[in-house]
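Please consult the sequence and the model alongside the text.

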Amino acid sequence: MNELKASPAAVFAHRHLLGIEGLLPAEIIALLDLAEEAVEVSRQVEKKKAVLRGRTQINLFFEASTRTQSSFELAGKRLGADVMNMSVGSSSVKKGETLIDTAMTLNAMNPDILVVRHHAAGAVHLLAQKVGCSVINAGDGAHEHPTQALLDALTIRRHKGPIHDLTIAICGDILHSRVARSNIMLLNALGARVRCIGPSTLLPKGLDRLGVEIFTDMRKGLADADIVMMLRLQRERMDGSFVPSVREYFHFFGLDAEKLAFAKPGALVMHPGPMNRGVEIDSAIADGPQSLIRDQVEMGVAVRMAVLEALAQNLPNG
Amino acid sequence: MPDRLNNEERPLVLTNARVIDPSRKLDARGTVIVADGVIVAAGPEADAVSFPEGAEIVDCRGAAVMPGLIDMRVFIGEPGGEHRETFASAGQAAAAGGVTTVIMMPDTDPVIDDVALVDYIARRTRDTALVNVMPMAAITKGLRGREMTEFGLLKDVGAVGFTDGRHSITNALVLRRALTYARDFGALIMHHPADPDLTGSGVMNEGETATRLGLSGIPKEAEIIMLERDIRLAALTRGRYHAAQISCAESLEIIRRAKRAGLAVSCGVSATHLALNELDIGPYRTFFRLSPPLRSEDDRQAMIEGVADGSIDVIVSSHDPQDVDTKRHPFAEAADGAVGLETLLAASLRLVNNGDVDLLTVARALSTRPAELLGLPGGKLTAGAPADIILVDPAMPWICDGEKLRSRSKNTPFEGARFEGRVLRTIVAGRTVYAYAAD
């Protein structure tokens, strides 16, 4: 690493990464800078670094995930950690019991880093209080998904330059989305203009207090946007009828060429995946020239390497 | 018999006391004389009364002597959840908190909806609890919100009122009939107004804080709409209706309007809702998960105003012991409820110490008013009233240590809280059941 640059640990002095809320802009930028280096490492033939050699990383997923879990696994391995994946599916056992009990069991195995996803907001905070290692939030309920926001920011920065003064529209199911919350926090911290677009039934109360502009008309919301971030319509989370039909939803909030034309020329399109093609996004857009969706996946590995590296430098004996 | 501090029933004389008797708006220096379990004389006029022979004489040095607290909303684990709380542990917590009468909710296993159970509780608590424990019986069988229980028979054996506890009666016809029928017995119907459909999957107050935490919100309208309905039914039936707890400014307006219209309507608020707001939940602290949920600061201020002007009749603890099995979960999956018997007085005294409400008004909401609503003989310091009395230093500072609580469950939202005001002595029917000892 460049000797003249402050080490990320000096800037990022946290034991856990539980959310974007509470991070300083300088800390976010330090992580993004570190991630840029990780992109370079990942594009070499020799992709390994040794910063986590001898360390144990456990990926504890209480909710199914392919993309995030494999991304964390690859990131850990590229940094030399021993990575173990644990998927704790829903069982008849009360889920909270499983959470604490599993955490205590894992803690006894002396991991250095625990990467956790859970269906309940705050579950990762609870776990961080109970274990002795560093904890990374890989998504907790509708609360936060900090590495997703970081990878989105890295993707935006590499294509559009500094994030401040960009207009970014987040569209769809804001109510159930942890990705939206983390992105709102991060993009606001870096000075972007953030908009949320969706039907009123999918906009949580008090959203206006989070420093965003709210639109229920997608064409108005997209006007002059530099970035259009689509969210998955999380049908499996809905406990009632938030929107009457997929057909109606796509008509008003699905991203197609006609609606995208309202954004700035050259506006770029993102999606955290997995996509519902034809529900929130038209295939032609998802696979088209304005789409950054595949870049996001690559940046995901880099950002997770950066987060692991930053936390590793704060580990005891690090 | 439970272990009481002075087993022989000596007369008791409390001299040099600040005598607080809300039943006659008395706040004055004086004496309180107790013999045979009842008050002989209290107030400045008692200074001239000769002391009974063999009396224990206590110089209060200006500390307050008040009627013992009557807590109208207390959940006890026993029967069915003895690992959370028993009559004995609840009694000890109550005694230490200055609560001399615990009004117990029927949400037990089995549910208190039957004459035999009310009778069992009366006998069982007499044997094991340090303080008076009086059950409210269920309004509907099994708390299912459908068929009425035997109000008349239950009242005869000692049910002091009727409530479905944590449950709301969604069927307006059932509540209408309950209010109508209860009127024949002069019985109070206490209801928890919270529309379960609007509450939905909500776990805290709806708004910015819930949105930031990614938790589903409970709109205030879940309470407001059902309370409004209830008041209409109270007007229709002319029954005696009591809202167990209100939590927001709009509900207070509804209660004020009902009172102005001359309805037999009353309501309570929990001391926790007077002391805390939704921001206290902080990083998902489940001991702050309550029903009704903690609301905004504006709502908290409105509740204090309601107590100050008497629109809110009573302050309750809403004591609800929960153990780690039900609380050590992610917030959305944890149970509602917090213990409160031991902090009821101290949390309420914050209103006095902050200068928002005078001591007489707070004492009235904690003793005299509940006694009036339930038709109990206590809640006042007048000759002939039961000697359920507390001696309080309203300014003594202390810090709440959850581990030292006498309740079997330690789920207090006041862990580490700094309080002013401490019970020095709790007297039930003339016997001292608690005496403060510095620890």
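## Nonpolar cores

Leaving aside neighbours within four places in sequence, B:Ile315 is in contact with B:Val269, B:Ser270, B:Ala271, B:Leu274, B:Val307, B:Leu344, B:Ser348, B:Val362, B:Ala365 and B:Leu366; contact means heavy atoms within 4.5 Å. B:Met66 and B:Ile315 touch the most other members of the largest nonpolar core, which has 104 residues. Apart from it lies another core, of 66 residues, among them A:Val83, A:Ile227, A:Met270 and A:Leu311. A nonpolar core is a set of buried Ala, Val, Leu, Ile, Met, Phe, Trp, Tyr and Cys residues joined through side-chain atoms within 4.5 Å. Buried means under 20% relative accessible area, exposed over 50%, and partly exposed in between, with a 1.4 Å probe and protein chains only. In soluble globular proteins, nonpolar side chains tend to be buried together.

The model is predicted: local features need pLDDT of at least 70 and side-chain atom pairs count only at pLDDT 80 or more, whereas totals for chains, interfaces and linings use all residues. Residues are numbered from 1 along each chain as its sequence is written, chains are lettered from A and ligands numbered from 1 in the order in which they are written, and side-chain values use heavy atoms, with hydrogens and water left out.

## Helix α10 of chain B

Helices (H or I, at least four residues) and strands (E, at least two) are DSSP runs, numbered from the N terminus. Helix α10 of chain B covers residues 297–308; at 1.5 Å a residue, its twelve residues should span 16 Å, and the 17 Å between its end C-alpha atoms agrees with this. The expected span is 1.5 Å times one less than the number of residues. The buried residues of α10(B) are B:Asp299, B:Arg300, B:Ala302, B:Met303, B:Ile304, B:Gly306 and B:Val307. Their cover includes α8 (249–260), β14 (265–270), α9 (271–275), β15 (314–316), α12 (344–353) and α13 (359–374) of chain B. After α10(B) comes B:Gly310, with a positive phi near 85 degrees.

## A parallel sheet in chain B

In chain B, three strands form an open sheet in the order β6-β7-β8, with parallel pairing. Strands β6 and β8 of chain B stand at the edges with a single partner strand each, so one side of each is left without a neighbour in the sheet. From one strand to the next, the twist averages 20 degrees. Two strands pair if DSSP finds at least two bridges between them. Four bridges join β6(B) to the parallel strand β7 (residues 99–104) of chain B, and B:Val74 has B:Met104 in β7(B) as its bridge partner.

## Backbone exceptions

Most residues other than glycine have a negative phi, and most peptide bonds are trans. The table lists cases that depart from this pattern.

| Site | Feature | Value |
|---|---|---|
| A:Gly273 and A:Pro274 | cis peptide bond | omega about -10 degrees |
| B:Glu78 and B:Pro79 | cis peptide bond | omega about -5 degrees |
| B:Lys25 | positive phi | about 50 degrees |
| B:Leu143 | positive phi | about 55 degrees |

A:Pro274 is found in the loop between β9 (268–270) and α11 (283–286) of chain A, and B:Pro79 in the loop between β6 (69–74) and α1 (87–97) of chain B. B:Lys25 is in the loop between β1 (12–21) and β2 (26–35) of chain B and counts as exposed, at 72% relative accessibility. B:Leu143, in the loop between β8 (132–135) and α3 (151–157) of chain B, is buried, with a relative accessible area of 10%.

Methods: Axes are lines fitted to C-alpha atoms, for helices over the stretch in contact, and angles run from 0 to 180 degrees between N-to-C directions.
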